[in-house]
Amino acid sequence: MSRPDREEDEIEASRAPLMDHLIELRGRLVVCVIAFVVGFIGCFIVADPIYVFLVQPFAVAAQFREAASPGGSVSPFDLILGTAGLIPVPRGDGETVNLIFTAPLEFLITKMKLAAFGAVVVTFPVLAFQIYRFVAPGLYRNERGAFLPFLIAAPLLFLVGAAMVYYVMLPFVMLFSLGQQVTGGGISAELLPKVSDYLNLVMALLLAFGLCFQLPVVMTLLGTAGIVSSSALAKGRKYAIVAIAVVAAFVTPPDPISQVMLGIPLVLLYEVSIWCVRLIELRRRKRDIEDGLAV
């Protein structure tokens, strides 16, 4: 029996009435909702420590800036290593970081947003697995085998993007913001961010970097489906760079530091995507030759 015939037999064997599909969908949605609710409650319980953890890049930037000599600069490597806890951070007067909230329930709502965001991140493996189990019966065996690695690659790439935000982007953005403070002549313009504004910035950056770092996954999936080819991606490199610059300008704060920090990794990830699609094409051609479908 040829490979196409075997694949058709697999699809026919997995067919089920519409009602069975709807019942299965309802069951998997219930599992997803329960997982999200449990994750939300767990993240809300520890929302204060999570928020303190997210404020650490701001604290490190403020402490390094306070310790710098007047008119001096902070070493980028010291800032990154200090945020990562690999070198000691200069200690100031203990009041270098001060966030405020101006509405009675603002911090409560902020913690609920944080808990919801954390619940999505924590329960993503459960959500992704439920999606896979629902669509798996409609996939060929080779497609199911190709789909599984992406369930692992997607969260890993998201974590890489989130780590870049936490250890690189946030300290530099906050150091840049602290550098805009003005004191003198009886006038003081001091950075006192609201807790909600700071969290919104963090979540926006985490989502922007985490989603943009999915570029190799998306391109490889499109290559697996035969929608894009490595040659087309290579020819469209210059257009992709322009699109990346536009995306970086749109999803990051309006400063060149953030845009460059997102744009450079995306260009590198685009090159990785080309090689991933090329490997998919080579494997497909080798399989077709073995099955006698190509020469």
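Figure 1. Buried means under 20% relative accessible area, exposed means over 50%, and partly exposed lies in between, using a 1.4 Å probe and protein chains only. Helices (H or I, at least four residues) and strands (E, at least two) are DSSP runs, numbered from the N terminus. In soluble globular proteins, nonpolar side chains tend to be buried together.

Two notes apply to every view. Residues are numbered from 1 along each chain as its sequence is written, and side-chain values use heavy atoms, with hydrogens and water left out. Because the model is predicted, local features need pLDDT of at least 70 and side-chain atom pairs count only at pLDDT 80 or more, while totals for chains, interfaces and linings use all residues.

**Figure 2. The surroundings of Phe209.** Which residues are in contact with Phe209, leaving aside its neighbours within four places in sequence? They are Gly161, Met164, Val165, Met169, Thr252, Met261 and Leu262. Contact means heavy atoms within 4.5 Å.

**Figure 3. Helices H3 and H4.** Two packed helices are described by the angle between their axes and the distance between the axes. For H3 and H4 (residues 76–83), the axes come within 9 Å and cross at roughly 140°. That angle makes H3 oblique to H4. Axes are lines fitted to C-alpha atoms, for helices over the stretch in contact, and angles run from 0 to 180 degrees between N-to-C directions. Angles under 35 degrees count as roughly parallel, over 145 as roughly antiparallel, 65 to 115 as roughly perpendicular and the rest as oblique. H3 passes H4 in a right-handed crossing. A crossing is right-handed if the near helix is turned clockwise from the far one by less than a right angle, and left-handed if anticlockwise. Look for Pro57, Val60, Ala61 and Phe64 of H3, which meet Asp78, Leu79, Gly82 and Thr83 of H4. Five of the residues in this contact are nonpolar, two are polar and one is charged. In this sorting, Ala, Val, Leu, Ile, Met, Phe, Trp, Tyr, Cys and Pro count as nonpolar, Asp, Glu, Lys and Arg as charged, and the others, Gly among them, as polar.

Figure 4. The axes of H3 and H5 cross at roughly 85° and come within 10 Å, so the two helices are roughly perpendicular to each other. H3 brings Ala47, Asp48, Ile50, Tyr51 and Leu54 to the contact, and H5 brings Phe107, Thr110, Lys111 and Leu114. By class, six of these residues are nonpolar, one is polar and two are charged. Leaving aside neighbours within four places in sequence, Lys111 is in contact with Phe44, Ala47 and Asp48.

**Figure 5. Helices H11 and H12.** H11 and H12 pack with their axes 9 Å apart, at an angle of about 145°. Their crossing is right-handed. On the H11 side, the contact includes Ile241, Ile244 and Ala248, and on the H12 side, Leu262, Leu266 and Tyr270 are among the residues taking part. The contact divides into eleven nonpolar, two polar and two charged residues.

**Figure 6. Pro216 and its partners from elsewhere in the chain.** Pro216 belongs to helix H9 and is buried, with a relative accessible area of 8%. Leaving aside neighbours within four places in sequence, Pro216 is in contact with Leu157, Leu269 and Ser273. Pro216 and Leu269 are 53 residues apart in sequence, yet their C-alpha atoms are 6.3 Å apart in space. Ala153, found in helix H7, is 63 residues from Pro216 in sequence and 9.2 Å away, C-alpha to C-alpha. Ala153 counts as partly exposed, at 25% relative accessibility.
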